[in-house]
Amino acid sequence: MALDDLYQEIILDHYRTPRHRSADLDGHDVHVHHSNPLCGDELDLRLRVADDKVDGLAYDGDGCSISMASASAMSEAVIGRTLSDADDLAEVFRLMMHGEGLKREDDLLDGVAFQGVAKFPVRVKCALLGWMALKDAIATYRGGSQEHRVTHE
Ligand code: ZN
């Protein structure tokens with residue numbers, strides 16, 4: 001199986017069998033809503049923090065297969081990490097999607113499957129949506145707020 005086909009399979013698997021997809025999360029500390037009007041993707045992300053770590057995370061939304069699958073892969077990769085580490089991993093993913101190299105390949109888990117999407121500029125925002133929501137949720141939490149809405153123009 002060619003690598004592109006394998007990555008395609010991984011993306012489809014996350015889309016069909018989403019991980020940590022839920023409309024609520026018990027005792028969450030922060031809730032962010034991000035949208036990508038270019039594609040029509042809407043994403044809600046809830047984060048629960050304990051000991052400065054991502055203790056729980058749930059996302060829900062209505063969007064294309066890339067945006068929803070990427071949020072699913074993101075959730076698996078960051079739960080249990082410290083906030084700074086999760087934030088760093090989101091930055092690693094962002095750089096990968098902008099074709100600026102791949103680091104921490106083992107930590108991204110299935111997130112690496114989205115590197116092929118970097119070849120399709122209109123889909124890059126879809127793949128980034130969940131990860132940018134995560135970064136924003138961390139920043140919002142650190143800023144002492146509980147809610148934030150962002151539109152990615
Ligand atoms: Zn999309």
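**Group meeting: strands and a zinc site**

Hi everyone, let's start in the sheet: Arg46 stands opposite Ala58 in β3. Strands here are DSSP E runs of at least two residues, helices are H or I runs of at least four, and both are numbered from the N terminus. This is a predicted model, where local features need pLDDT of at least 70 and side-chain atom pairs count only at pLDDT 80 or more, while totals for chains, interfaces and linings use all residues. Residues are numbered from 1 along each chain as its sequence is written, and side-chain values use heavy atoms, leaving out hydrogens and water.

β1 (residues 30-36) and β2 (residues 41-50) are antiparallel, joined by seven bridges; a pair needs at least two DSSP bridges. Between β2 and β3 there are nine bridges, again antiparallel.

Now the turns. The β1 and β2 hairpin has four residues between its strands, and Gly40 there takes a positive phi near 90 degrees. The hairpin of β2 and β3 has two residues between the strands, with Asp51 in the turn at a positive phi of about 55 degrees.

So what coordinates the zinc ion? Cys39 (SG), Asp41 through two OD entries, Cys64 (SG) and Cys126 (SG) do, at 2.2 to 2.6 Å. Donors are N, O and S atoms within 2.8 Å of the metal (3.2 Å for Na, K and Ca); water is not among the atoms, so sites may look incomplete. The donor spacing along the chain is C-x1-D-x22-C-x61-C. Cys64 lies in the loop between β3 (53-62) and α2 (65-78) and Cys126 in helix α5 (residues 121-142), so this pair ties together parts 62 residues apart in sequence.

Are these two cysteines buried or exposed? Cys64 is buried at 15% relative accessibility, and Cys126 is buried at 0%. Buried means under 20% relative accessible area, exposed over 50%, and partly exposed in between, with a 1.4 Å probe and protein chains only.
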